[in-house]
Amino acid sequence: MSVILQLAFDGLTIGLIYVILAAGLVLILSVTEIFFVAYGMFFMWGAYAAWYCESGLGLSYPVAVLVAVAVTGVFGLLSYMLIFKRLQHMEGRFLVTVTGALGLSLILEKAVLPIFGTQPKSIPGIFTQAWRLGGVHIELKKLVLIGVGLLVTLVLFWIYEKTRVGRAMRAVSSNAEVAALHGIRPMWVYLLVMGLGCALAGLAGGLFAPAYNVHSGMGANVIANVLLMTMLGGMDSLLGAVVGGLVVGQVLSFGQYYFGQMSIVYLFLVIGVIIYFRPNGLLGHRTDLGV
Amino acid sequence: MRGFLSKHRRPSGFLVLLVAFALVPLWVKSPYYIDLLVMTMVNAGLAMTFVMLLRTGLISLCVAAFWGIGAYASAVLSVNAGLSFWICLPLSTLITAAFALVIGYVIIRNAGFTFIIMTTVLALLFVTVVGNIKALGGYNGISNIPAPDSIGSIVFDTKVDFFYLGLVILVVVVLIISAFYSSWAGRAWKAIGFNPRLAQSIGVNVFRYRLLSFVVGCAIAGLLGSFYAHYQTYINPNVFNLFPKTIFIQVYAVLGGAGFAILGPLVGAGLLTFLTETVTVVVQDKAEYTFMVVGALVILVVVFLPRGVLSLGEYFAKLWAWARRGGGRDGGPQPEQTLKSAGAAPEEAEGA
């Protein structure tokens, strides 16, 4: 019993990281319609930035996370302004944006090695308190992670559903030209979404760093999971991202324990069946998000 | 003769290129460069399958995974079952096609983002799956894959022999692909790539034709994988990973020009394979710098030359025509007149 509770707790922790990641990716995919493969690399850069600020510069951990968020957000804005703004309206835009994103992820993935070295990093000594509660090992850093994750998700929902900015995002997501007719500049919304999405990836990376290890393969590892979540929940639904993140977190936590590394493959097969019957995922709406 | 050439300009151009390419090992003796040429041919074939899927509006990021399925099928059949390369080659092609049929049947339903995402995940999971299967050697891969059996007096023991074998395979692949393009299937693919809904409205079964292109493309990738496995004699799952192999395959196609189905991948693969090696020499074998340079190059190409290097040719042809017309003023003959007086007339005369 305690094993199951422990696995559920760990699944919730990693699931909230996935929720933040999937929410950012869903925003980028549905609003800008760019297949942003480099997203996982932004997650990795967030984790490395938090590690560097904490261990290298000696900042306190919350400040380090904020710096990581700022760094990845600015990276996202720059990548949109320098690369994707030009590619977005080209002939055959799906091919050129995918290619551009792949090139960017190649640069970002490999740039980590000469800058930070090949050794895995960790941030020790942050929120080290831990308790045993009914056989479950509860660490404070994981509790902090859960709290911040829930808070960020709620704020994101509030922005997306209740504010003018969120309404602009939804309008551009459903039809950019009609939104432009109503006085919304799609370019600013794209810019905002790219910045916000990449900042969310950086936040997830910063929160991930103390609880787990930071290494140069984590970006490529996480992108498969995040893409599976967006497929499960639907590519244009923020709620779908939350559901997908929590479900995949639990499934992977239990799957790793009972089936080992192959659990993600079984998950892929199950999601393949779901996609076959519900092509837009569980909570998605759009059918025309295509080439 | 001139009439024949102007009618069959493209095939005769390819024939000249082919003969010139086949003569290369006569004066390039270094095994290093022969190896690069063999890899160029494999890469060009893979990029052609990518372009083939692109024609029908599918952006597939799992070309390398199917290449890997072909390579692993062939390796297992020859190492464990002891079959000859000449049986493994068609068998692994069929196995890859069967995989493609099953996978494609599920993921092609909803083309567009779903397809791109599912192929990406597939490419990333290929490494995990193969790495966790003990029978396939796990992450260590399979080594000691035997070379092809000799046919008559031809023994495959040097890189030059593999060069000619690869050349034959590449020519077969090009012939298959161009046969498809010029048949009913190719016309349907073109219609789907132009506008899927329009194609559907005039009676083209979009799903079935997309599935056909997926299966054919993946089968060709499997064929090349079988050749690659027997050429390298050693394979491991990371060779077939999304980062960076599929990225490179896509870049070969885009760099050469995705609008050019055969010539684009050839030019792109040739340029990038040799460029990568040059960069590796310049940065003194630090692989991460090579990948970063290639990534930067990719971004530069898609931003400034999105239709590929070969589109420069069209641009210069236009420039040349413009210059011949006398720089935009009504100087020389118009293009239509030039064509009529220089190209078409002699042909008619010869016919008469």
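Tutor: A:Ile34 sits in the loop between α1 and α2 (39–56) of chain A. Helices here (H or I, at least four residues) are DSSP runs numbered from the N terminus, as are strands (E, at least two). This is a predicted model, in which local features need pLDDT of at least 70 and side-chain atom pairs count only at pLDDT 80 or more, while totals for chains, interfaces and linings use all residues. Residues are numbered from 1 along each chain as its sequence is written, and chains are lettered from A and ligands numbered from 1 in the order in which they are written.

A:Ile34 counts as buried because 25 other C-beta atoms lie within 10 Å. The cut-offs are 20 or more other C-beta atoms within 10 Å for buried, 12 or fewer for exposed, and anything in between for partly exposed, with C-beta atoms placed from the backbone. Setting aside neighbours within four places in sequence, A:Ile34 is in contact with A:Ile28, A:Phe84, A:Gln88, A:Thr97 and A:Ala101. Contact means that the C-beta atoms of two residues, placed from the backbone, lie within 7 Å. A:Thr128, 94 residues away along the chain, has its C-alpha atom 40 Å from that of A:Ile34.

A:Glu33 is in the loop between α1 and α2 of chain A. A:Glu33 is also buried, with 21 other C-beta atoms within 10 Å. Its phi is near 55 degrees, a positive value in a residue other than glycine. Most residues other than glycine have a negative phi. B:Asn144, in the loop between α7 and α8 (159–181) of chain B, likewise is not a glycine and has a positive phi of about 60 degrees. B:Asn144 counts as exposed, with 9 C-beta neighbours inside 10 Å.

Helix α3 (residues 61–87) and helix α4 (residues 93–116) of chain A pack at an angle of about 155 degrees, with their axes 9 Å apart. α3(A) is therefore roughly antiparallel to α4(A). Axes are lines fitted to C-alpha atoms, for helices over the stretch in contact, and angles run from 0 to 180 degrees between N-to-C directions. Angles under 35 degrees count as roughly parallel, over 145 as roughly antiparallel, 65 to 115 as roughly perpendicular, and the rest as oblique. α3(A) and α4(A) cross in a right-handed sense; a crossing is right-handed if the near helix is turned clockwise from the far one by less than a right angle, and left-handed if anticlockwise. Ala, Val, Leu, Ile, Met, Phe, Trp, Tyr, Cys and Pro count as nonpolar, Asp, Glu, Lys and Arg as charged, and the others, Gly among them, as polar.

The contact of α1(A) with α8(A) has 20 nonpolar, four polar and no charged residues, and the crossing is left-handed.

The largest nonpolar core has 205 residues, and A:Leu21, A:Ala23, A:Tyr39 and A:Leu228 have the most contacts inside it. A nonpolar core is a set of buried Ala, Val, Leu, Ile, Met, Phe, Trp, Tyr and Cys residues joined through C-beta atoms within 7 Å. α1(A) gives the most to this core, with 15 residues. Beyond its neighbours within four places in sequence, A:Tyr39 is in contact with A:Leu25, A:Ile28, A:Ala201, A:Ile223 and A:Val226.

Finally, the partner chain. Here 38 residues of chain B are in contact with 42 residues of chain A. On the chain B side, α7 (113–131), α12 (242–256) and α14 each supply at least two residues, and the largest share, eleven residues, comes from α7(B). By class, that side of chain B has 27 nonpolar, nine polar and two charged residues.
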